[in-house]
Amino acid sequence: MGFKHKDIIALRDLTKEEILLLLDTAENMREINSRDIKKVPTLRGKTIINLFYEASTRTRTSFEIAAKRLSADAVNISPSTSSATKGETLLDTAKNLMAMKPDIIVMRHAISGSHYFLAKRLPCSIINAGDGAHEHPSQGLLDMLTMRDRFGRLDGLKVAIVGDVTHSRVARSNIQGLTKMGSHVFLAGPPTMIPTGAEQLGNVTVCKDMNEAIDGADVVMMLRIQLERQGKTLLPTLKEYSRYYGLNPENLKLAKKDAMVMHPGPINRGVELSSYVADGDQSHVMKQVENGVAVRMAMLYHVSGGELVE
Amino acid sequence: MIAYNSGEDKIRPDNFIFEVIPMSLLIKNGRVIDPSQNIDDTLDVLVERGKVKEIGKGVKAPAGTETIDAKGCYVTPGLIDMHVHLRDPGLEYKEDIVSGTMAAAAGGFTSVVCMPNTSPVNDNKTVTTYIIAKAKAEGAVNVFPIGAITKGSKGESLAEMGELKEAGCVAVSDDGHPVANAELMRRALEYAKGMGIMLISHAEEKALVGEGVMNEGFAATELGLKGIPWAAEDVATARDVYLAEFTGSPVHIAHVSTKGALRIIRNAKARGVKVTCETAPHYFSLTDDAVRGYETNAKMNPPLRSADDVTAVKAALKDGTIDAIATDHAPHHLDEKDIEFNLALNGIIGLETSLPLSLKLVEEKVLTLPALVEKMSVNPAKILDIGRGTLKAGAVADITVIDPKAEWIVDPDKLASKSKNSPWLGQKMKGAAAYTIVAGKVVYKK
């Protein structure tokens, strides 16, 4: 089975089978990452541009390493050094980059939907490394891979997602992916941070408080609280937020024994996640990061037309 | 086809005829619909020297009268769009008085009422006089300007409404920049009442809009776009309706799009508040699902709402809560629309698609034909007191001949407007203006 898409912009656009294909490929890629010589010639001669309009350490590095392990040439462009500050439009920037004939553009952009805008106009593949509050498909995939590693399946899981769902592209990609794979997602957060019509996104339940969401959960996924995004109207103080929507060893007991704790990073220690939990036995945060490289290798590989490697 | 544009006349491109006023014109065999006189019958209309002379069966015309056979067509008082943006002066790269009035003529409108958010803002008689003079000299249809409520539409101090009215403004509005200060709005309503000029409110609580770019609802949630809650419109509508009630001043609410705002207006009308309102064709034709795919031609303000709101808009058209259909024709350059969704400007063009979209309401039995003509001609004329919207003998002969069966495709290359920002590009429309007649002169023929 091949992968039919030129671009990967949202897990909403992928079928269950396509998601499985990406996860299976990622598992194979993981083997490469454990070798002494972590490099295969698969994408030799391909040029990949990492175009990051928003700051990123983890995701950008992860995409860059993924490209290099597949022997592609990767170039990083970040906003401070780009023409964005000179008033050039996104389309003009992309057209100029296109003239240099890249095969894949990996982009992060603050405006939801920017990737569709480019994908419609450019012949190269576009991979979404995060767009506004829309989706972050590589994060959704790496989260699902991490869950599958632990449970051997993705159907029938109870996954709690806690925090600012409204502004979270991580939450949207996880909801789209997980509900497609047969999991049930429970959302909790201050009502100021739960988007209208969230239940319509699939098998999703909006809970009245955090305890209800994590009660009996297989996975507790905590979202990063970002004061710079939330401003002053959505929550009074981080202290109060932490008290009602923070995960600590005490409320974690409500979840299943050995439930997974996940966080997309970077963590605000002592706010959404207490250090005891972040560094505890149930934390899979580092495993998520590790899987990130493999998942991104799989994404680069499949938009380049690769078949499943057996 | 009639040949008003004889050989030596200067001919505009396409179907626009600006020369030669016939002494007399007979429009025969059309279904004449004039709600101002309760007329709905197959009749002839005779026009002489720019005025309606006679309506009746088998009307005899003097020798040499030009004749239009309107068999199968509706003949109505000239359509009036009481909410357009002509972008002139200052923003002529989007539209100007010539292209805007040509779009109006092509859409069957004999009069347009233009909003003051030009550059400079129409908050003084110099700008008003310029618009009127240019429209008279070069425009295809009548142009009635709207002046600003506050100086520069900045919401700080009242504009000189007396001077604006004297110069020819038919209403005042800070469209797009709603008056945020409730005290100032109260005084504006009182002052406008004293000057005998209608105040049009763009009812929107900007604090609730925030950085929103589309209707707050499931589509926005899925697309990850910031929502604009319906409450932003309802809260502002309630404020202005209560201020109108308190001051006893009339108020007209522009482009109503929500169920709640309509309920507020309906209740206010029932208790005698002098409130009128309009909606736009997109608010009864599209929902916020049209934004999917990050379609910037579905981005406007107020935003496209839920299916529930569309149903409520239709019900309010039917029960008369909504007095008028106006397009909020908002031309924007391609560069302002062919960009990332959040950066795209609000608004769509509407003059050339309003008639077929509104005729659909008749097909769907939301409105009778006479009720539609009321909302597109009679009522706007009444609300603004501009002496149009009727075919009574002696009235200015502004007439629209509508071919309800004409099928056509919205082709960006054939639109008269300078801008092409329409969500209906490439789509099939049914119904069109066959002839647009201003003061007895055919200014457009299909």
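**View 1. A:K208 and A:D209 form a salt bridge.** In this predicted model, the closest N and O atoms of the two side chains are 4.0 Å apart.

**View 2. B:D40 meets B:R31 in a salt bridge.** Here the N to O distance is 2.8 Å. B:D40 counts as partly exposed at 37% relative accessibility, and B:R31 is partly exposed at 32%.

**View 3. A salt bridge joins B:K269 and B:D323.** Their side chains come to 2.7 Å, N to O. This pair links distant parts of chain B, 54 residues apart: B:K269 belongs to helix α8 (residues 259-270), and B:D323 to the loop between α10 and β15 (324-325). B:K269 is partly exposed at 25%, whereas B:D323, at 13% relative accessibility, is buried.

**View 4. Salt bridges link B:E183, B:R186, B:R187 and B:E190 in a network.**

**View 5. Two aromatic pairs are counted over all chains.** One of them is A:Y116 with B:Y294, a stacked pair with 5.6 Å centre to centre and 25° between the planes. The pair crosses between chains, from helix α4 (residues 114-121) of chain A to the loop between α9 (281-285) and α10 (307-318) of chain B. A:Y116 is buried at 18% relative accessibility, and B:Y294 is buried at 9%.

**View 6. A:K158 lies over the face of A:F186.** The distance to the ring centre is 4.2 Å. Likewise, A:R296 sits over the face of A:F63, at 5.1 Å from the ring centre.

Technical notes
Residues numbered from 1 in each chain as written. Chains lettered and ligands numbered in written order. Predicted model: local features only at pLDDT ≥ 70, side-chain atom pairs only at ≥ 80, totals over all residues. Heavy atoms only, no water. Phe/Tyr/Trp six-rings, centres within 6.5 Å; stacked < 30°, edge-to-face > 60°. Helix = DSSP H or I, 4+ residues; strand = E, 2+ residues; numbered from the N terminus. Buried < 20%, exposed > 50% of the residue type's maximum accessible area, 1.4 Å probe, protein only. Lys NZ or Arg CZ within 6 Å of the ring centre and 35° of its normal.
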